[in-house]
Amino acid sequence: MINFDKFELDNGLRVIVHADNTTPLAAVNILYQVGARNENPERTGFAHLFEHLMFGGSINIPSYDEPLQWVGGENNAFTTNDITNYHLTLPTENIETAFWLESDRMLSLAFTDKSLEVQRSVVIEEFRQRYLNQPYGDVWLHLRPLAYKVHPYKWATIGISEEHISGVKMQDVKDFFFSWYAPNNAILVVTGNVQTEEIKRLANKWFGDIPKREISKSEIPQEPVQTETRRLVLERPVPMDAIYIAFKMPGRMDVDYKTVDIISDLLGNGKSSRLFRILVMEKKIFGDIEAYITGSIDTGLLIIEGRINPEISFEKAESEVFQILNELTENISETELEKVKNKAEATLVFGYIDILNKATGLAFFEMMGDANLINTELEEYQSVSVVDLKIALKKYLKIENASILYYKSIKE
Amino acid sequence: MEILNRDIAPDFRLIDKININTPKIYKLHQTIPVYVLNAGTEDVIRMEVVFNAGSKFSDIPLVAAFTNMMLNEGTTSRTSKQLAEEFDYYGSYLQLSADRDFAEATLYTLGKHFDKTLDLLTDIILNPSFPEDELSVLLDNKRQRYKIDEQKVKTLSAKKFNEVIFGKEHFYGRNAELSHYDLINSQQLKDFHKRLYHKNNCKVIISGKITDDVLKRLESNFSVFDSIDFDNSFLLQTTQPSTEKKHYVEKADAVQSSIRIGKPLINKHHEDYAGVQILNTILGGYFGSRLMSNLREDKGYTYGVGSAIASLKDAGYFTTVCEVGAESTNLAITEIYKELSRLIDEKVDNEELGRVRNYMLGEFVRMFDGPFAQSDALRSVIDFDMDENYFENYLKVLKNITPTDLQNLAGKYFQPDTMYEVVSGKM
């Protein structure tokens, strides 16, 4: 059980405090409710580029990192299709420094040309390093637009192309900041060796005078139901053929979400999972295969991806996967379901040992509607039944709901 | 309401004391050293069983890795499938790994399932059967993995760098090649296991919520090999660094190059080690380092650049690592050498040293926060037959080191013309 206190400032900033006095540290997590799904289709990759710019100095403080290093702190951030999340840890006695730094960059950035110019290059190098210069690195640049036709999930957080990043202007940066970065669009979580009263005082002192802002209201176009199989073949100089099968699945708050998550575990999480056991170890169709979900707020994906052994055709590999899906629909034992639930339990317990993970988790669930969902998550997994699984398998893991990518190995 | 002055940083306190949780150490069955770190609030246990059984103990580079990987592919009483199902059923996680010095099996489990999962861990360490069929699947899959890794400029540079600084034939310098996979057979792995997964060649580190009952279980249920063939000797070789300083591995279609610049260096046992670590932090060991500030935050050549001082059991080395746009390769290399020279030519100013010192003190606090962090920290000394005095000494050096000391260390260890340079990709 993760206990917490919650309060809201007049400007709409939600604050959550979880005290853990077994650590000398404190963790601070600020989640902004903006991600790649909120981007202009002509300027993709912007939320992520913006995350970089948040470290380029704020209105009153020329450097974010240096003062934090001075007090023994360490920080980082990440951007997803749904959110942008900033987090840090530091010795708890120096926590006020975190409030000073985070509130100033929520108030306003410095918006220097130098920072924009350099971070455009850095992000382009990140694009190359992670997506272009790696074997199979560009899969998501193609799989997303295959699976999504309408929803902005059709592009990756890094963006559609280097040009989208290099073309960003300072005015775009300012507009984005004042449309999304605001106390009423953020959730602040503090965990560790802290007390709620002190955090309340610091939150009011540093964040209290930041004005509420008008948050961009544009509706995110939702993806219509898919009715036929989509296919794409890519030819690349990689050593092995690979297949990616993406099934549409419901978003985070849907009643079926956890059921489909369990299906992905049964299929392809761990060495005892169905796909790995049968298709890698027994039939030797794949060199490796796994299944996982994207965990998106809106319509997400369950992905099955595998490297296909030499001499095995794409068609054979694909039909073997679907055969496993059929077998699963017909025959799931209670023991197998229990196994996956036990795994879910262990994953949650191990995942929330760390004060930083707890802070990020609390912020995420608060955004989803209630921070206490962090405590009821396990029950929800435990309440999934064999019947639920069978219904969900039929509903979501069917071929007409799949986007299938053949990643074909060719000689250089 | 008070008027807020946002220009001025709030007061802060320097970290003056770090709580280092000392492990309880005892001998299991009068032989195996067990390090117990009872810490944290959750009912979790991590148990590491570490053998001196890394790749240096065999003439064939992959024997150690495959012996280790095959542990949970079948025992005399359980099949590969049964093992996978049982470990998964209890929600536990088994991590197998082997590097150049050590091989280990690490179990992560909820405390309530410790009994059952300890039985499994004991079984795979004591009774592995190395079945041929599973071995052939694993060999095929790892061959594929190898071919994929060979397409990464990062891998090409890392392998070349090893060869260059230690010598192609040295047990730290040699790399696994595709042909080496053909040399592996089940009998070899059995022999290697019999020779080295032995009670006189191992240690156990157990961390988390460690009750007396857990320790009792360990005493009654856990055992490892006890045979007469035990022999953990290996042929000590002298390193033979390359006679050439610059090395280039071309990859024509690369859009980025991977750069490694470094050299063999002292390891943890040397009295200068802590000082050199601090110097390295200034150079490339944290986000605000000189290399990051210059190559990333000023010039935008790279997504990330860093440097490290690494210790192996019988050697040590220094390396700077980055991937840069192919067109910026030479510019980036020039800047790396410039930063090395700057440490030798100019004293670090007190502002920068103060910041790095405080940052590193913060890292020390993080290093001992929580049971698993503590056990990682412990491993980093006991693997070198040292104890927590290492940290006490490190802290003393960190608090007292001066700009002059750092400049002297830079002159002694970071001379640009002593460095080896490896580039993979396109330039």
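Modeller: Let's start with a cut-off: a residue counts as buried if 20 or more other C-beta atoms lie within 10 Å of its own, as exposed if 12 or fewer do, and as partly exposed in between. Please keep in mind that this is a predicted model.

Colleague: Thanks! Why is Glu104(B) called buried?

Modeller: Glu104(B) has 20 other C-beta atoms within 10 Å. The cut-off for buried is 20 or more, so Glu104(B) is buried. You can find Glu104(B) in strand 5 (residues 103-110) of chain B.

Colleague: What does Glu104(B) touch, leaving out residues up to four places away in sequence?

Modeller: With those left out, Glu104(B) touches Glu48(B), Val49(B), Val50(B), Phe51(B) and Ser97(B). The C-alpha atoms of Glu104(B) and Ala158(B), on the other hand, are separated by 23 Å, and these two residues are 54 places apart along the chain.

Colleague: Now for another glutamate. What makes Glu311(A) buried or exposed?

Modeller: The number of other C-beta atoms within 10 Å of Glu311(A) is 7. A residue with 12 or fewer is exposed, so Glu311(A) is exposed. Glu311(A) is located in the loop between strand 10 (300-308) and helix 11 of chain A. Its phi is positive, about 80°, although Glu311(A) is not a glycine.

Colleague: And why is Lys284(A) called partly exposed?

Modeller: Lys284(A) has 16 C-beta neighbours inside 10 Å. Buried needs 20 or more and exposed needs 12 or fewer, so Lys284(A) falls in between and counts as partly exposed. Look for Lys284(A) in the loop between helix 10 and strand 9 of chain A. Lys284(A), which is not a glycine, has a positive phi near 55°.

Colleague: Let's turn to a helix. Which residues of helix 15 of chain A are buried?

Modeller: In helix 15, which covers residues 386-396 of chain A, the residues Leu389(A), Ala392(A) and Leu393(A) are buried.

Colleague: How do you know where these residues sit around the axis of helix 15 of chain A?

Modeller: They cover an arc of only 105° around the axis, so they are on the same side of helix 15 of chain A. As a general point, an α-helix has 3.6 residues a turn, so residues three or four places apart point the same way.

Colleague: What covers that buried side, and what does the face turned away from it carry?

Modeller: The cover over the buried residues of helix 15 of chain A includes helix 9 (257-268) and helix 11 (314-330) of chain A. The face turned away carries the exposed residues Val387(A) and Lys394(A).

Colleague: How many residues has the largest nonpolar core, and what makes a set of residues a core?

Modeller: A nonpolar core is made of buried residues of kinds such as Ala and Leu, joined through C-beta atoms within 7 Å. The largest one has 183 residues, and Leu31(A), Ala186(A), Leu188(A), Leu362(A) and Leu279(B) have the most contacts inside it. Helix 13 (residues 355-367) of chain A gives the most to this core, with eight residues. A second, separate core has 48 residues, among them Ile303(A), Ala392(A), Ala402(A) and Leu405(A).

Colleague: What does Leu279(B) touch, apart from residues up to four places away in sequence?

Modeller: Apart from those, Leu279(B) touches Leu343(B), Leu406(B), Leu409(B) and Ala410(B).

Colleague: How many residues do the two chains bring to their contact?

Modeller: Chain A brings 59 residues and chain B brings 56 residues. On the side of chain A that touches chain B, helix 4 of chain A gives the most, with eight residues. That side divides into 21 nonpolar, 17 polar and 21 charged residues.

Colleague: And which domains is chain A divided into?

Modeller: Chain A is divided into domain 1 (5-207) and domain 2 (230-409). Their C-alpha centres lie 28 Å apart. In their contact, 30 residues of domain 1 of chain A meet 27 residues of domain 2 of chain A.

Colleague: What about the domains of chain B?

Modeller: Chain B has domain 1 (24-221) and domain 2 (246-425), and 29 Å separate their centres, taken over C-alpha atoms. Their contact takes 22 residues from domain 1 of chain B and 30 residues from domain 2 of chain B. Helix 5 of chain B gives the most to the domain 1 side of this contact, with nine residues.

Colleague: Lastly, which scores does the prediction have?

Modeller: The model scores ipTM 0.94 and pTM 0.95. Chain B averages a pLDDT of 95, and 100% of the residues score at least 70.

How values were computed
Residues numbered from 1 in each chain as written. Chains lettered and ligands numbered in written order. Predicted model: local features only at pLDDT ≥ 70, side-chain atom pairs only at ≥ 80, totals over all residues. Contact = placed C-beta atoms within 7 Å. Helix = DSSP H or I, 4+ residues; strand = E, 2+ residues; numbered from the N terminus. Nonpolar A, V, L, I, M, F, W, Y, C, P; charged D, E, K, R; others polar. pLDDT = per-residue confidence, 0-100. Domains from an automatic or database assignment. Arc of directions from axis to C-beta.
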